[in-house]
Every structure is written in C-alpha cells, then in structure tokens.
Amino acid sequence: MSDKFTPHPRSAELLAAGVPAEYHSMLSRHGVGTLVEKMGIVFTHMSAESMVATMPVEGNTQVTGLLHGGAHVVLAETLGSFAAAFHAGPTSRVVGIEINATHHRGAAGGLVTGTATPVHLGRTLTTHEVVMSNEAGQRLSTCRITNMILSN
C-alpha cells in the first residue's frame with residue numbers, strides 16, 4: 001500500500017539517479033537498474049519527447065584512458081529504453097531489439113551528456129537517436145536504438 005507520506009521503496013536510488021519525484025511511482029518497482037548506478041548515469045530531463053542524462057568519463061574508460069565505446073552504448077540504451085517506456089505508458093513494457101553506434105571523437109575526462117530524441121514513436125515500435133556530447137558540446141557518438149512495445 002502506498003500513500004503520499006510513505007516514500008517509495010527505491011526513492012533513494014531514484015533520487016540519486018536524478019529521477020524527479022513525479023516519476024517515482026512509475027519506476028519504483030524496478031528502479032533505474034544496477035548498471036545505471038555503476039556507470040554513474042544521472043538523468044537531467046525525462047519525457048517521452050526527450051530524455052537526457054550525464055555520465056562521468058572517469059570509471060568508464062578503456063585501457064587507453066578514453067571513454068569505453070561500450071559505455072557510450074550503455075548510456076544510449078538507457079536513454080532510448082527509458083524514453084520508449086515513457087511513450088509506451090505504465091501498462092506496457094519495452095525491450096530493445098536493435099542498437100548501433102558510430103563513434104566520432106574520444107573523451108578522456110569530464111562528463112558526457114546523452115540526449116535521446118524520437119525518430120519514430122509507434123504503437124509497437126519506437127526508434128530513438130541518441131547523441132553523446134562532451135562538456136564543450138562536441139559530438140562524441142551517435143547511436144540509434146529500436147525498442148519493441150509489449151503488453152504487460
């Protein structure tokens with residue numbers, strides 16, 4: 001049972017990830033996921049039309065000291081999947097069916113910002129373009145993710 005005075009079970013996790021309180025009831029069942037926590041991803045804007053988050057380069061690098069290409073993809077999949085879930089609504093769930101990435105430039109420090117914008121918002125499929133940029137606004141990578149919407 002939930003009331004407006006009892007915090008949701010994952011409130012601390014959701015707050016640490018930058019999730020506004022208005023979305024806690026929607027996300028409290030699963031939270032943001034342990035990988036989001038491990039990567040240091042923090043949401044700065046959440047809606048079906050645009051999903052934005054930051055991720056530190058430090059702790060997410062490859063052996064050469066640059067942001068790992070897989071970290072770009074983790075950020076992109078996180079943003080694209082959350083945006084697809086917001087579009088699908090609470091009575092549906094989404095699963096990723098395709099993702100690709102093009103890396104344009106390396107990052108050796110600071111914060112990376114990812115911005116997911118919809119390319120297609122359909123009844124059963126969504127596609128988002130996710131652009132990762134550095135603090136100077138330079139594009140680091142471009143990803144495209146397609147999610148399938150399933151009924152609960």
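**Note on the predicted model**

1. Val19 is found in the loop between α1 (11-16) and α2. Val19 is buried, its relative accessible area being 1%. With neighbours within four places in sequence left aside, the contacts of Val19 are Leu14, His24, Leu27, Val32, Phe43 and Met46. Between Val19 and Val130 the C-alpha to C-alpha distance is 19 Å, with 111 residues separating the two in sequence.

2. The largest pocket has a volume of about 740 Å³. Its lining comprises 23 residues, of which Leu27, His30, Gly31, Ala85 and Arg93 are the closest to the centre. Leu27 is also among the contacts of Val19. Three elements, α2 (24-27), α4 (69-88) and β3, each supply at least two residues of this lining. Which element gives the most to the lining? That element is α4, with seven residues.

3. The salt bridges come to two. In one of them, Arg10 pairs with Glu13, and the closest N and O atoms are 3.3 Å apart.

4. Arg144 forms a salt bridge with Glu98, with 3.2 Å between the closest N and O atoms. Arg144 lies in strand β6 (residues 139-151) and Glu98 in strand β3, so this pair ties together parts that are 46 residues apart in sequence. Arg144 is partly exposed, with a relative accessible area of 37%. Glu98 is likewise partly exposed, with a value of 29%.

5. Together with Ile97, Leu125 and Met148, Val95 makes a nonpolar surface patch of about 280 Å². Val95 counts as partly exposed because its relative accessibility is 30%.

6. Ser50 is found in the loop between β1 (42-46) and β2 (51-56). Is Ser50 buried or exposed? Ser50 is buried, because its relative accessible area of 18% falls under the 20% cut-off. When residues up to four places away in sequence are not counted, Ser50 touches His45, Thr115 and Ala116.

7. Pro56 has its place in strand β2. Pro56 counts as partly exposed, with a relative accessibility of 23%. Which residues does Pro56 touch, not counting those up to four places away in sequence? They are Met39, Gly40, Leu67, Gly110 and Leu111. For Gly40, the C-alpha to C-alpha distance to Pro56 is 6.4 Å, and the two are 16 residues apart in sequence.

Note on methods: Residues numbered from 1 in each chain as written. Predicted model: local features only at pLDDT ≥ 70, side-chain atom pairs only at ≥ 80, totals over all residues. Heavy atoms only, no water. Patch = residues over 30% accessible without salt bridge, like charges linked within 9 Å, V, L, I, M, F, W, Y side chains within 5 Å. Areas by Shrake-Rupley, 256 points an atom, 1.4 Å probe, with all protein chains shown as cover. Salt bridge = Lys/Arg side-chain N within 4 Å of Asp/Glu carboxyl O. Buried < 20%, exposed > 50% of the residue type's maximum accessible area, 1.4 Å probe, protein only. Helix = DSSP H or I, 4+ residues; strand = E, 2+ residues; numbered from the N terminus. Contact = heavy atoms within 4.5 Å. 1 Å grid on protein atoms, 1.4 Å probe; cavity = no way out; pocket = protein on both sides within 12 Å on 5 of 7 lines; lining within 4 Å. Points joined across faces, edges and corners; volume = space filled by probe spheres on them.
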